Amino acid sequence: MDRIVLVENLNYSYPPLVPGDPVVDALQGISLTVRRGETLAVMGPSGAGKSTLCLALCAVVPHSTGGVFGGRVTICGQDTRTTTPAHLSACVGVVFQDPESQLFSATVEDEVAFGLESQGMLRDDMRQRVDWALGLVGMSDHRLRSPVVLSGGQKQRIAIAAAIATRPDLLILDEPTASLDPAGALEVVQALEGLRHETDCAQVVVTQDAELAAALADRVLLLDGGRVTHDLPAHEALRSPGLLTEHALFPPPLAVLNAYLQARSLPVDWRTVDEAVAGVRRLLGAEGTCRRS
Ligand SMILES: Nc1ncnc2c1ncn2[C@@H]1O[C@H](COP(=O)(O)OP(=O)(O)O)[C@@H](O)[C@H]1O
Ligand SMILES: [Mg+2]
């Protein structure tokens, strides 16, 4: 099946925290698809509904949250209204923002094997699968360590290995780098880039980081106030500084530079810093302003 995620006119309201309070309309009229092998970045301001959408994709919304649910979410052909999160976990892996809250085993290999054990996998198969998952995130040398002693980036890579060990059709990552320092965030982005080449699962990555989206995403879904405002090819969304700032996102510096020069009738579209450096050299050289002898 090519279409892993199908969301049709999804509306969702959380129940009021205090009886009598107004309900919170978290998602309104959301429709989207994600195909096998495709990575969708979900972006937008805080409170836009990004995490709620993730919870709807793994059936936690509405099964564990209650509230008012309308429309339809179909994951790997299963309607989430009639499929529990536990049942769906066979084909959906989820990684949250805070790695601390997701790791609870004594060793890294136990952590990664946990989901496989609950699927009743044979020991030898399990060992191979743990090797594969740890290799993909570059953590093979740490299998006997306690997750507690690892850095934030390493912990998050273990959480990703645990989520992919079951070979899910859909991997959901809700702000996977938001609580990491720059070095840890880079480790996780590199692990996710490697994953894209090694598996063909569909990925939904929530992020506020346009650079991360540029590295990973095929498409960008922009949410605001619980609604989809744009669903665009990633290169189109991420080279529009105005669109990103409207959604409280910082545009990639190269996009700002490209837009600045385009507005001055210079038809540039530099994709990498190296391209930009070469392009600026050419421009300055052509105007004779940076020639040094
Ligand atoms: N458990 C909850 N109960 C009630 N309202 C919630 C709950 N979780 C989130 N919300 C509300 O739903 C809206 C969307 O929240 P969320 O999906 O967390 O947004 P984001 O991840 O984009 O920051 C917000 O108005 C938020 O306050
Ligand atoms: Mg969130």
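Predicted model: local features only at pLDDT ≥ 70, side-chain atom pairs only at ≥ 80, totals over all residues.

Residues are numbered from 1 along each chain as its sequence is written, chains are lettered from A and ligands numbered from 1 in the order in which they are written, and side-chain values use heavy atoms, with hydrogens and water left out.

Around ligand 1 (a residue counts when one of its heavy atoms lies within 4 Å) are Tyr14, Val24, Ala26, Pro45, Ser46, Gly47, Ala48, Gly49, Lys50, Ser51 and Thr52. Within this group, a polar backbone atom of glycine 49 is 3.0 Å from an oxygen atom of ligand 1. Side chains take part too: a polar side-chain atom of lysine 50 lies 2.7 Å from a ligand oxygen, and one of threonine 52 lies 2.5 Å from a ligand oxygen.

Glutamate 100 sits in the loop between strand S6 (92-95) and helix H4 (108-118), where helices (H or I, at least four residues) and strands (E, at least two) are DSSP runs numbered from the N terminus. Its side chain makes a polar contact of 2.9 Å with the side chain of lysine 155; such a contact is a pair of N or O atoms within 3.5 Å, and within protein one must be able to donate a hydrogen and the other to accept it, with residues adjacent in sequence counting only if both atoms are side-chain atoms.

Two packed helices are described by the angle between their axes and the distance between the axes. The axes are lines fitted to C-alpha atoms, for helices over the stretch in contact, and angles run from 0 to 180 degrees between N-to-C directions. For helix H6 (residues 152-164) and helix H7 (residues 182-198), the axes come within 8 Å and cross at roughly 25°. That makes H6 roughly parallel to H7, since angles under 35 degrees count as roughly parallel, over 145 as roughly antiparallel, 65 to 115 as roughly perpendicular and the rest as oblique. In this pair, Gly153, Gln154, Gln156, Arg157, Ile160 and Ile164 of H6 meet Gly184, Glu187, Val188, Ala191, Leu192 and Leu195 of H7, contact meaning heavy atoms within 4.5 Å.

Helix H5 (residues 123-136) packs against H6 at an angle of about 135°, with their axes 9 Å apart, and H5 and H6 are therefore oblique to each other. Trp132, Ala133, Leu134 and Leu136 of H5 make this contact with Ile158, Ala161 and Ile164 of H6.
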